[in-house]
Amino acid sequence: WINLEYLSAEAWVARSHGLPSPVMSGPARGWTKHFFFPGFTPGTGGLLREADLLQRQQAFDRPAWRTLHAPALPEGARLVSLFCYEPAALPSFLHALAGTPHHLLVTPGRPLAAVQASAGPLPSWSALPYTDQDGFDAMLWACDLNFVRGEDSLVRALWAGQAFVWHIYPQHDNAHHAKLEAFLDWLQAPASLRAFHHAWNG
């Protein structure tokens, strides 16, 4: 019986992973649960992936996917995916991308609504349909830069091996800032990547 906790690179996670959590009252009194923390180091629960994920990734036809979803992409232009909440920096990012040859693929739901609500010049972009996990992975594999949000898509972006920016789930007490800093420390992120993450996460 486990308490499945959230993903974090904070140092205390490794100290807490696997610790017992005795049940002191109720119908399960006397039982013992154990804390299970996913994480990025050997002292944690690690990051799960399917046994055949890397083989599927190697067999993926990246040029065909890019031709299907961005047929007019100029030579040398980057393909960028957007899966985010509503970052305050989104309008500035869209304006900066406008006028470049790069193409933005916008996922449905909140990201699409945020792009459609943005005033001012927009880059070359198109909306993607809803998809399953395999389709989401294919998008990550095909794009040169992926904007991802939350924990699950962060892990998929890591397995994809492409450049990414993480929009961490915002918490009302700003606890997410410590989680973001710990992740950037683990990643050994250079100053420019840290600055972008700080701006993207407010």
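Visitor: Okay, how far is the sulfur of Cys 143 from the closest cysteine sulfur?
Guide: The sulfur of Cys 143 is 14 Å from that of Cys 84, which is too far for a bond. A disulfide here is a pair of cysteine sulfur atoms within 2.5 Å.
Visitor: How many disulfides turn up in the whole structure?
Guide: Searching the whole structure gives zero disulfides. By the way, this is a predicted model, where local features need pLDDT of at least 70, side-chain atom pairs count only at pLDDT 80 or more, and totals for chains, interfaces and linings use all residues. Residues are numbered from 1 along each chain as its sequence is written, and side-chain values use heavy atoms, with hydrogens and water left out.
Visitor: Is Cys 143 buried or exposed?
Guide: Cys 143 is buried, at a relative accessible area of 0%. Buried means under 20% relative accessible area, exposed over 50%, partly exposed in between (1.4 Å probe, protein chains only).
Visitor: And Cys 84, buried or exposed?
Guide: Cys 84 counts as buried, with 0% relative accessibility.
Visitor: New topic: where is Phe 83 found?
Guide: Phe 83 sits in the loop between strand S4 (79–82) and helix H4 (90–97). Helices (H or I, at least four residues) and strands (E, at least two) are DSSP runs, numbered from the N terminus.
Visitor: What is Phe 83 in contact with, beyond its neighbours within four places in sequence?
Guide: Its contacts (heavy atoms within 4.5 Å) include Phe 136, Phe 147 and Val 148. Phe 83 counts as buried too, at 18% relative accessibility.
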